[in-house]
Amino acid sequence: MGWQGVFLGRVPFALLALFLGCVWLRGNRRHETEEPFDVLGAVTLFGVMLCLMVGLRLGRSIGWTSPVVMGLLTFAPLFLAAFWWSERRAAWPVLPFQFFRVRGVVISSVTMFMAHFGAFVIWFIFPFYVGNSLGYGPFTLGVMMAVMAAANTGFSSTGGWLCDRVGTTVIGTIGLIALSAGLLLMGFLDAESGLEQVALRIALVGVGTGLFQASAFTLMMSSVPAQRFGTAGAAVALAQSLGTVLSVAVTGGIFALSNGYHLGILEAIGSGSADNEAMAFVLAYRDVFWMGAAIAIVAAGVFLMGGLHKAGESA
């Protein structure tokens, strides 16, 4: 169906979700308070995200001195200032500033950002590894991604159950350590690696992500009153999305720099030109995956210390 099918195939699901939301959520409206929606906050927050993400992405493609890029990156802090101003005056802000004083929400959001910033390297570097280094097609890539998704889904459900019985801090920390280990091991893959090696490593990433996500949302929900679940959950989800999109811009740039560096080294020592690009790609691939592993293990430390500190306060 072509690459367009990846996007067009989502449209029916989005329409179905919209329909089901309108039908099922309508019954809850009579139980809700009539608080005004923070339109200005939503618009200015969208402006911040749009200008920042598109500006960073285009900067690598068309140059940082391009008028479009400079304009977008200039408007980003202006929208941020407008968002800050509007949120301090809104009756029911889209991002309440008191959340920044709630340890559980802060820890969940920060570690969610870090985890997805480190792990999203899989989505935009790993496909090129499967296609260019291993020589497989889209079907094999889809199977590998499905392995990770299945592990993520299964252990997200299990993670919530484990959090209730073992503890949110323990499960979240274990999940981030597993995520870091999976990314670290994926960095050891090369052009000679077998699919079973790839599958085991990417499954470990899925396991770790699933356990951590369940723990992060559990920590968030235990830190705010029930009427703030939606807003706090949206803040954590925003941190997740911000991590994934910034990962594309930042980690993609680091990969390009690393690839150029290794290519220059290989050419200087006189390797064959045909092998240079392939070898440089694998080396740069290793660098960004190991960087992702380092970010995930730092996130594990933040989650652990934050959870222990919160437990100490409760005691």
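Q: Is the crossing of H7 and H9 left-handed or right-handed?
A: The crossing of H7 and H9 is right-handed. That word applies when the near helix is turned clockwise from the far one by less than a right angle, and left-handed when it is turned anticlockwise. A note on the source: this is a predicted model, where local features need pLDDT of at least 70, side-chain atom pairs count only at pLDDT 80 or more, and totals for chains, interfaces and linings use all residues. Residues are numbered from 1 along each chain as its sequence is written, and side-chain values use heavy atoms, with hydrogens and water left out.

Q: At what angle do the axes of H7 and H9 cross?
A: H7 (residues 138-165) and H9 (residues 195-221) cross at roughly 35°, with their axes coming within 6 Å. The axes are lines fitted to C-alpha atoms over the stretch in contact, and the angle, on a scale from 0 to 180 degrees, is taken between N-to-C directions. The helices themselves are DSSP runs (H or I, at least four residues), numbered from the N terminus.

Q: What makes up the contact of H7 with H9, by class?
A: There are 17 nonpolar, 11 polar and no charged residues. Here Asp, Glu, Lys and Arg count as charged, Ala, Val, Leu, Ile, Met, Phe, Trp, Tyr, Cys and Pro as nonpolar, and the others, Gly among them, as polar.

Q: Why is the pair Arg286 and Asp287 called a salt bridge?
A: The term asks for a side-chain nitrogen of Lys or Arg within 4 Å of a carboxyl oxygen of Asp or Glu. Arg286 and Asp287 come to 3.1 Å, N to O, so the pair qualifies. A search of the whole structure finds one salt bridge.

Q: Why is Gly59 called buried?
A: Buried means under 20% relative accessible area, exposed over 50%, and partly exposed in between (1.4 Å probe, protein chains only). Gly59 is at 2%, so it counts as buried. This residue sits in helix H3, and beyond its neighbours within four places in sequence it is in contact (heavy atoms within 4.5 Å) with Trp64 and Val69.

Q: What makes Arg26 exposed, while Leu184 is partly exposed?
A: Arg26, in the loop between helix H2 (11-25) and H3, has 57% relative accessibility and therefore counts as exposed. Leu184, in helix H8, has 37%, so it counts as partly exposed. Leaving aside neighbours within four places in sequence, Leu184 is in contact with Trp290 and Ala293.

Q: What is called a nonpolar core, and how many residues does the largest have?
A: The name means a set of buried Ala, Val, Leu, Ile, Met, Phe, Trp, Tyr and Cys residues joined through side-chain atoms within 4.5 Å. The largest has 53 residues, and Ile122, Phe126, Tyr129, Met186, Tyr285 and Phe289 have the most contacts inside it. Helices supplying at least two residues each include H3 (39-62), H5 (103-119) and H10 (229-268), while H11 gives the most, with 12 residues. Apart from this core lies another, of five residues, among them Ala151, Ile171, Val207 and Leu211.

Q: Which residues does Met186 touch?
A: Not counting residues up to four places away in sequence, Met186 touches Ile122, Phe126, Arg201, Ile202, Val205, Tyr285 and Phe289.
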